[in-house]
Amino acid sequence: MNRLREKIGCFVRGPVRPCILFLLVFLLPCVARADVSVTIKLDRREATLVDSIRMVVSVSGTRSTESQPILHGLQSFHVTGGGTSSRVEIINGKVNAGVDYTYFIQPKKTGKFQIGPADVTVGGKAFRSNTVSMTVTEAAQASGVDRGPLFLSANLSSEQAYVEEQPIYTVKLFRQMKVSDISLDLPETEHLVFKQLGKPLEYQSVFNGKTYQVLEIRYAVVPSKEGGYTIGPTRMTMTVYQPERRSSRGLFDDPFFRDPFFSLSSGRPMTLASESHALTVLPLPQAGRPADFSGLVGTFKIESKLEPATVKAGESATLTVLLSGRGNVNRIPDMKGPELSHTKVYADNPVLKVEPDAQGLAGSKTMKWALVPEKQGRYEIPPLSVSFFDTTTHQYRVAQTRPMSLSVLPGEPETVQASSQRAHEGPSAGPAKQAVKELGRDILPVHTSVKALAGGDRVRPGQVFFWLVLMAPLFVYGAAFWGLRFRRKTDQTVAAMKSRKAAGKLIKKCRQRRISAGELSLCIRDYLNERFGLALGSLTPEEGAEILRSKGVSLDTAQDFRAVLERLEGAVYTGKGGESGDIHEDVPKLIRQIAKEIR
Amino acid sequence: MRRFLRPALITLLAFLPLGAGIAAENQPWEEVFFRANQAYKEGRFQKAIDGYSQLIQSGRETGHLFYNLGNAYFRLNQLGRTIANYERARLLIPRDPDLNFNLRYARDRTRDAIPASRGLISTTFFWLDSLNLDELFWGFAILNLLFWAILVARLFLRAEWTYYLSLVVLILWLMAGTSFGVKWYQLGTDDRAVILEHEVNVLAGPDIQDTVLFKLHEGTIVRQERSEDGWSLVRLPDKKRGWVKKGAVEQIHSTESGDHFSDVM
């Protein structure tokens, strides 16, 4: 992780850097715990008592765990810690983080062991890994011959095999010195094909009491024809570096400079050869050989599934068959789909998956068919089978799918109609539909009900009734409208009469020459009360003008009215209340003006 | 109470003989109708035609009587009059399934292939074919009543919803009024006529010596533009025009009631 950060820091400068830091600091912890998984990996599945096996517990989906993994199934092994490393991968924009815990294990005894699972706690949640099997055998017997610091060894898992069986050919380079530029020449033998199984392995082992660094490469030997074969020696060419002996410690006597690149030792080419092996290839037995033998040799199993098991007529169900195993998986045949009546079968492209491992070639082939039933009912899908020669029992066997059934419900109307058109194909189909055929034509009979005589009197434009029906609502509306208007007008007339009456009374008073200012003032107050339906007890000039303005009298008239009232008020308060002077002559004019303005 | 009861009784007694007279008068028409039906049933189609025609001439111009009359003519193999009466019936009972079935059948038996033509008004007011004038009138009358009632209500209640309601009813009122007016106009200007004779020469002028332009056959519907001196000028939807003898065609609808029965009787 630190290395990654340094690397990023070297190349990224400027404004991009904060973004990257943001991603690292905030984004990675988020994605880290998205999908936590724990896996145990071994560098090989077979070892001897003297071998050291590298085991890695990989925790993906997090950058750290709360504690070291708890390992199970290692009671028969010596365990040495090999360190911890974090990793961050960005693949196609997707960030994956993980922690790898490395251990070196050495078997204490022979046998087959299940290693694992490993328990890891991340974020308070426990996660458990897979288990792996390991076979431990005795260490090779010491020949008593010291083979030196560098030698090549080849081993064949079986000296006898059937045609197409795959014995394992293992080449091991034992070394106690530095080597480089390794190249390998496999023996060439007619009818024998070598197929490499996985990547070369490197581990430590002990041979004849000496510790060696071992480079192991595995091959599956595939014989295509029976007979006796000799697998010649495998040759490996390399450059060997032998350190020069120094009498004293010098400037370059540091582990750093012991690397071949800096080493002061001189490299020399060397070719090593392994021992030869004999292989007897047996023909596949004729006894019990099925007529439809597929040529598969190994161990195989077959699985099948039907999804969905219930469909409507016209819809499709998928039949999937998975044939998997170990052996010559490349020869897994394309199986033929089931034959079903009233059902269309569409085959999908088979998918072959080959996964070589230390034990040989393994793989599977997935075959799919779309089944489209045309009719309702229950369809039995017959078992699908493939024959193979089982190398463990040395017998021919047949892998067969389990019988399955497909329930078909009635489909859409079109489907029903389509099936009914083929009614002759099955007794369950309904009668075929056909257009109604017209055999004759004639008119329908006369109407004999007395109602036929009714309805003769029709409304016609121009008739009185016609206009009456159409105009009556208009008349009603007109009557209502004018009635309302008349009523409103009547109210206005009453108000006008009251106004005239009040004005007449006041003018009559004004004509009395001996009316006092106080009396005239009261008369004006009464006029206002009567004219506008008020109940004023007293009247100030301001109030009088205000009332007139609110009733729609002009400003000038209202001010004149106010002036008259002020003069009257002045006359009353100055002791001249006994005379109204010439005010009583002005008031009638003013009252007429008011009546005129608010008529 | 007696004050009101006495005039009421007098009024009732005064109208009773009249009502009884009306009922007595109705009886023969029903009998005429039943006799015509019976004649039709017994295969005496001319007798049935006489009966139905008598009823129609007396003012009982119902769609069902025109339909029955058309049926009777059909039995006498008079396709032209059959179609003419079915078309008359269709103006009154346009949605009657029996009528439409028979009319379709009768049209299928005509010989001339006349392209159907619908004017702009008929296309726009497509619903008028399914409604008769009475139905349109009463629909308009109801909406008219509703519209003015809402206006009256608005004189007293100036609520907002009454405004929107009046708008909606106004639109419907206009539609119904226009439909009624258009139907009235269509009936008033309906100049369709039916060829009555088995084969008719259509001439270039109202004279037997004129050139024969084309021939028409019984049951074909034409437009009758005008009549002169016992000749009728007819027109086809594809603009072909010519003169035929007046007795060779019968107008489907006439503004003067009973006109189209002169040929029948």
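Trainee: Among contacts in chain A between residues at least 6 apart in sequence, what percentage join residues at least 24 apart?
Mentor: It's 71%. Keep in mind that this is a predicted model.

Trainee: Okay. How many helices and strands are there in chain A?
Mentor: Chain A has eight helices and 31 strands.

Trainee: And what share of chain A is buried?
Mentor: Buried residues make up 23% of its 599 residues.

Trainee: Let's take a sheet. What is the strand order in the open sheet of three strands?
Mentor: The order is β23-β31-β28, in chain A, and the pairing is mixed. β23 (310-312) and β28 (377-381) of chain A are the edge strands, so to speak: each pairs on one side only. On average, neighbouring strands in this sheet are turned by 25 degrees against each other, direction ignored.

Trainee: What holds paired strands together, in general?
Mentor: Backbone hydrogen bonds do that, and the strands can be parallel or antiparallel.

Trainee: Which is it for β28(A) and β31(A), parallel or antiparallel?
Mentor: Antiparallel. Five bridges join β28(A) to β31(A), which covers residues 404-409.

Trainee: Which residue in β31(A) is the bridge partner of A:Y379?
Mentor: That's A:L406.

Trainee: New topic, helices. How far does α4(A) reach from its first C-alpha to its last?
Mentor: It reaches 64 Å. The helix has 47 residues, 464-510, and 64 Å is close to the 69 Å expected at 1.5 Å a residue.

Trainee: Where is the kink in α4(A)?
Mentor: At A:M471, shortly before the proline A:P473. The kink is about 40 degrees.

Trainee: Is α4(A) well covered or hardly covered?
Mentor: Hardly covered: three of its 47 residues are buried. Those are A:A502, A:L506 and A:C510.

Trainee: What covers those buried residues of α4(A)?
Mentor: The cover includes α5 (517-532) and α8 (583-597) of chain A.

Trainee: Now chain B. How many residues of chain B are in contact with chain A?
Mentor: 31 residues of chain B touch 24 residues of chain A.

Trainee: Which elements of chain B give two or more residues to that side?
Mentor: α1 (2-41), α3 (63-75), α5 (97-108) and α7 (133-156) of chain B. The largest share, 10 residues, comes from α7(B).

Trainee: What kinds of residues are on that side of chain B?
Mentor: On the side touching chain A, 18 are nonpolar, eight are polar and five are charged.

Technical notes: Residues are numbered from 1 along each chain as its sequence is written. Chains are lettered from A and ligands numbered from 1 in the order in which they are written. This is a predicted model: local features need pLDDT of at least 70, side-chain atom pairs count only at pLDDT 80 or more; totals for chains, interfaces and linings use all residues. Two strands pair if DSSP finds at least two bridges between them. Helices (H or I, at least four residues) and strands (E, at least two) are DSSP runs, numbered from the N terminus. Axes are lines fitted to C-alpha atoms, for helices over the stretch in contact, and angles run from 0 to 180 degrees between N-to-C directions. The expected span of a helix is 1.5 Å times one less than its number of residues. The bend at a residue is the angle between axes fitted to the seven residues ending there and the seven starting there. A residue is buried if 20 or more other C-beta atoms lie within 10 Å of its own, exposed if 12 or fewer, and partly exposed in between; C-beta atoms are placed from the backbone. Two residues are in contact if their C-beta atoms, placed from the backbone, lie within 7 Å. Ala, Val, Leu, Ile, Met, Phe, Trp, Tyr, Cys and Pro count as nonpolar, Asp, Glu, Lys and Arg as charged, and the others, Gly among them, as polar.
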